[in-house]
Amino acid sequence: MDVQNSIDGTPQMLPPPPGTFIDREELIKYVGEFAVSQGYVVTIKQSKRDKVVVLGCDRGGVYRNRRKVTDESSGVENTRQRKTGSRLTNCPFEAVGKKEEGLWVLHIRTGTHNHEPLRNISEHPSARRLSENEIFLIKEMTEAGLKPRQILKRLRQTNPELRSTPKHVYNVKAKLRQGNTTVRNFKSLAPQTTAVENNFQAAVEQTRQRNSSRVPNLIGGRFVDSQSFASIDVVNPATEEVVSRVPLSIDEEFKAAAFAAKRALPSWRSTPITTRQRIIFKLQDLIRRDIDKLAMTITAEHGKVLKDAYDEVLRGLEVVENACGLAIVQMGQFTPNISKGIDSYSIREPLGVCAGICPFEFPAMIPLWMFPAAIACGNTFILKPSEQVPGASMMLAELAMEAGLPSGVLNIVHGNNDILNAICDHEDIKAISFVGPTPAGAFVHSRASAHRKRVQSNTGIKNLAVVMPDANMGATLNALVAAGFGGGGQKCAAISTVVFIGSLSPWEDKLLERARQIKVNAGTEEEAELGPVSSKQAKERICQLIQKSIESGARLVLDGRLVAVAGYNQGNFMGPTILSDVTVNMDCYKEEISGPVLLCMQILLTTLHAQADSVDEAINIINGNKYVSGASIFTISGLIARKFQSEVEVGQVGINAPISDPLPFTSSFGSRPTFTGDVNIDGKAGLIHFYTQMKRVTQQWIGIENTTADGGNSGP
């Protein structure tokens with residue numbers, strides 16, 4: 001028992017350190033556990049449930065004898081006596097919890113005591129505990145109509161050591177009526193517990209204790225179960241089994257995350273940049289250590305094969321590695337003596353609280369695009385992962401805390417449109433990074449910009465490829481198959497449409513032969529090359545687009561809609577699909593498919609000298625699609641490649657190579673309607689300029705010789 005001694009040698013019990021908590025129960029639990037570690041017991045003195053709770057000391061469990069004195073000489077027997085009971089006495093200790101801006105803030109009004117600490121706190125009536133089975137027994141017996149005393153009597157038949165009271169059982173019943181069956185909320189003070197600290201070990205312990213199927217929020221350094229009853233199932237697309245459940249967090253929980261990020265900001269932004277850098281270095285090491293676990297989590301939730309999941313984490317690691325060196329590129333500029341005795345310099349400072357909204361395509365890579373750079377620059381961060389794939393983000397958050405990231409610097413809140421709107425509207429959030437569908441990206445940009453926030457919004461895209469007759473067939477086919485069917489076509493760098501200049505027949509036959517060799521299976525199987533699509537709804541949408549295209553005149557070269565995988569009959573599997581004779585008027589060309597479907601178009605050569613005209617036509621096709629973000633050309637002609645590179649209106653161009661995600665230190669990939677906002681998501685602009693702001697300082701130091709009004713120098 002950690003009890004300090006006062007000056008006169010008598011034990012001195014400490015009050016709990018002040019803090020901030022997500023809800024009232026968490027605050028009471030924190031104060032109670034700390035009190036137990038010091039040798040005293042707290043109880044609620046006064047409570048306005050939604051506004052304030054006052055906790056007082058139960059005087060260490062001292063009993064007041066409330067039995068009536070019986071006159072033995074009177075000979076009266078069986079006199080009714082009042083039972084002994086504990087009560088609040090005159091101990092001055094008092095802790096007050098108040099709800100402020102959605103959080104419960106603990107203040108210590110009086111931290112002193114006027115009594116000795118308990119030597120054996122297990123003897124106190126409040127040191128009781130109900131097991132999980134007993135909680136559900138209480139629920140069943142309550143539904144059967146039993147009263148608290150009857151329930152307690154039956155519980156003691158199987159657990160004679162149970163130290164509880166009818167009032168405690170009554171409180172449990174009240175919580176059960178509210179639908180709260182989380183056992184930890186019913187555990188009262190226990191002698192073996194100690195104070196909860198905001199560090200990695202405490203957070204991991206909370207993670208182990210929570211219901212494993214319910215994904216928690218991360219708020220202020222604590223993994224907190226959402227108070228919302230609404231949730232979304234996270235389903236393994238290969239088996240249709242529920243992996244976990246994502247809560248639709250309530251507004252108060254988002255406000256608590258924003259408050260925690262704001263509270264952590266002053267300390268974090270003043271942390272030396274080398275200290276921040278060491279934490280990012282440590283995070284990099286931990287991600288490499290647990291890369292296999294991260295890949296397995298991605299495969300279980302997203303469906304992509306393990307190799308693709310592993311490669312995704314490696315691409316995200318490139319951003320973390322780049323963030324380790326941000327100290328150099330954050331340096332400002334210095335201009336001496338811009339006027340006599342006056343220097344001017346610029347410094348780059350963090351923005352403040354930033355936020356990131358992630359899609360399902362890359363559960364680990366896109367979060368790693370966002371928060372490592374933001375926190376390395378001195379900002380605090382609120383991350384909203386995709387509801388379909390939250391597991392990787394939660395693992396990365398645990399690793400960040402293990403690396404030493406202080407509480408509140410990184411927060412995670414799960415939810416859907418309500419949380420997205422709250423991020424756009426909250427006044428303390430200064431910048432938002434978004435990756436996702438085009439309609440949502442346009443909405444985020446419009447709504448957040450109206451609140452004067454910085455926004456980078458990368459949205460749904462299509463990539464096209466042009467194949468010239470002189471292209472190397474082997475290398476081109478390898479690129480088309482990898483970019484067209486890799487990752488199930490559910491990635492921003494996928495090639496969805498190929499424009500063939502000249503005869504299509506030799507290319508189509510070889511393409512069909514390569515596509516048939518792709519092995520479709522669950523992502524965890526050894527030889528799997530193509531996993532399932534993300535959901536049944538996604539598969540149905542892809543199949544509808546394919547059927548609609550056939551009805552519009554497209555020719556089905558390879559049909560992957562009816563592919564069957566042994567042992568995974570419920571999986572959302574789609575085999576490689578090839579559609580030829582596609583035109584620009586078909587919905588499959590206009591819309592983003594997000595599946596393993598490759599569309600083939602053909603531009604015939606009418607004369608031997610028509611290649612340039614054909615390239616112009618292909619460029620017009622690309623420039624006419626407002627959702628095209630990247631385009632590639634396969635040719636051995638440098639002249640044609642240069643013409644294509646100059647005239648095509650896209651953000652990324654590939655020459656004899658498909659579009660790929662950019663390295664973190666290179667320029668970004670967004671352009672046209674597929675990107676809206678201030679600066680792109682990669683390169684120096686996206687990683688440094690977006691998350692920082694410039695401040696210019698002009699300084700003049702007046703020494704012993706001060707400048708006089710007439711321009712002369714005064715004496716000492």
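Predicted model: local features only at pLDDT ≥ 70, side-chain atom pairs only at ≥ 80, totals over all residues.
Guide: Local features require pLDDT of at least 70 and side-chain atom pairs pLDDT 80 or more, while totals for chains, interfaces and linings use all residues. Residues are numbered from 1 along each chain as its sequence is written, and side-chain values use heavy atoms, without hydrogens and water.

Visitor: What makes a set of residues a nonpolar core?

Guide: The members must be buried Ala, Val, Leu, Ile, Met, Phe, Trp, Tyr or Cys residues joined through side-chain atoms within 4.5 Å; buried means under 20% relative accessible area with a 1.4 Å probe, protein chains only. The largest such core has 59 residues, and Ile287, Met370 and Phe371 are among those that touch the most other members. Helix 11 (residues 365–376) gives the most, 10 residues. Apart from this core lies another, of 34 residues, including Val466 and Ile622.

Visitor: Which residues is Ile375 in contact with, beyond its neighbours within four places in sequence?

Guide: Contact means heavy atoms within 4.5 Å. By that criterion Ile375 is in contact with Trp268, Arg276, Ile280, Phe381, Leu405 and Val409.

Visitor: Why are strand 14 and strand 15 said to pair?

Guide: Strands are DSSP runs (E, at least two residues), and helices are H or I runs of at least four, numbered from the N terminus. Two strands pair if DSSP finds at least two bridges between them. Four bridges join strand 14 (residues 333–339) to strand 15 (residues 342–350), so the two strands pair, and they run antiparallel. Thr335 stands opposite Ser344 of strand 15.

Visitor: What is the bridge partner of Ser344 in strand 29?

Guide: That partner is Thr698. Strand 15 and strand 29 (residues 692–700) pair in the antiparallel sense over nine bridges.

Terms used:
Buried < 20%, exposed > 50% of the residue type's maximum accessible area, 1.4 Å probe, protein only.
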